[in-house]
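Q: I would like to learn how to read a model like this one, going from the folding pattern to single residues. Could we begin with the terms and then turn to the case itself?

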Amino acid sequence: MVCSALPHQSDSDKNAAMFRFPAIALLLFFTACSGPADVHETRFIMGTLVEFTIIDDDRDRAESAIAAAAVEMQRIEDAFTIYGDQPNAVKLFNAAAPDTPVALPDEVSQLLTLALKVQQQSGGAFDPSLGGLNLLWGFSGDDAPSSPPPTRAIEDAMPPKHCIEHHGNQWIRTDRRCLLDFGAIAKGYAIDRGIAVLQQHGIRNALINGGGDIRLIGSHGKRPWHIGIRHPRKKGGVIESLDLQGDVSIVTSGDYERFFIYHGKRYHHLINPETGWPATKAQSATVIAGSATLADAWSTALFIQGADGIKMQQEMHQKALLVDDQGKTYGSLVRSE
Ligand code: ADP
Ligand code: MG
């Protein structure tokens, strides 16, 4: 029997591929050849191709579970994005006058509380108030940038530290340059919600991969799920591969999908809050945490921190892999040869 290495590409996949290609950081290998068949579908959500893989005897159940999970994940994108014309609470908050209390929906309030906690724990490496800077750099906009913004514009867009405050059940931004941006945490949150919806449909063995943000449950047939962490500089290459099962969230942030080269230098979408410029200490950062939400936030934080951040991951009992700016690897996920 021949095991197919890649899933069948449906028409909707082909349409999705016409959009900006996703920041795929992790590669999936399909190696299970026996037991219930894989149900594999892809959808374009949150600016990336999201892959759903389910192992289940009941194909109809798996397909309706994926459909429901995709609806939930799209709902989260709509609720948290700062791009596009559709209003949402985050955009309203960002448009509110500084020092004006704004009520946020519970879901937004909860994710913001978590984001601010990671900001504090990471010593400011993770910063959910960089929306103005991120819009200025333009990596998530419709047209990919090809040169950095003027230094003066970057200085003008830098928000003061800790510019988001919680007052009773309302929130304020203390400065006009302070704009919420959930870009480094909402995808993980959406994946957690997607897995919860799959579980509500009775699914026990599944994997959702949102362009390098992965949560998996159960196993891949009789084997663990086999995950390859993408090599940040070798196209199509894998820097580490892992066999995982149970309930694992593993997320990679890298500088190799959303970037441009200008005068021989790489500029990418992960911004050092201290400087307003792309972080320079890493090529990629991978974290395994208790949820995809946390793994997403911490992979971004670790990328900004570089190898110095590995100690913090150990203290938090989170597994990690950091590839520094020279390509050197650090962390508990580095295979000891
Ligand atoms: P990806 O979207 O490629 O999976 P991340 O999860 O690391 O990568 O999120 C990157 C996004 O997070 C950027 O596009 C931007 O919106 C936002 N961002 C950039 N720098 C930071 C930072 N230091 N802290 C928090 N969010 C950031
Ligand atoms: Mg992230």
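A: Helices (H or I, at least four residues) and strands (E, at least two) are DSSP runs, numbered from the N terminus. In those terms, Asn272 is placed in the loop between β13 (265-268) and β14 (282-289). This is a predicted model, in which local features need pLDDT of at least 70 and side-chain atom pairs count only at pLDDT 80 or more, while totals for chains, interfaces and linings use all residues. Residues are numbered from 1 along each chain as its sequence is written, and side-chain values use heavy atoms, with hydrogens and water left out.

Q: What is Asn272 in contact with, leaving aside its neighbours within four places in sequence?

A: Contact means heavy atoms within 4.5 Å. By that criterion, and with those neighbours set aside, Asn272 touches Trp277, Pro278, Ala279 and Ile304. Asn272 and Gln305 lie 33 residues apart in sequence, and their C-alpha atoms are 8.7 Å apart in space.

Q: How is the packing of two helices described?

A: Two packed helices are described by the angle between their axes and the distance between the axes. Axes are lines fitted to C-alpha atoms, for helices over the stretch in contact, and angles run from 0 to 180 degrees between N-to-C directions. Here helix α7 (residues 186-200) packs with helix α8 (residues 292-305) at an angle of about 165°, the axes being 7 Å apart. That makes α7 roughly antiparallel to α8, a label given to angles over 145 degrees, whereas those under 35 count as roughly parallel, 65 to 115 as roughly perpendicular and the rest as oblique.

Q: Which residues of α7 and α8 meet?

A: Ala186, Lys187, Gly188, Tyr189, Ile191 and Asp192 in α7 meet Ala292, Thr293 and Asp296 in α8.

Q: How many residues of the protein are buried, as a percentage?

A: Buried means under 20% relative accessible area, exposed over 50%, and partly exposed in between (1.4 Å probe, protein chains only). Of the 337 residues in the protein, 53% are buried. The protein has 9 helices and 16 strands.

Q: What is the mean pLDDT of the protein?

A: The pLDDT is the predictor's confidence in each residue, from 0 to 100. Its mean for the protein is 90, and 89% of the residues reach 70 or more. Over residues 1-34, however, the pLDDT is below 50, although this stretch has 73 contacts in the model beyond near neighbours in sequence.

How values were computed
Chains are lettered from A and ligands numbered from 1 in the order in which they are written.
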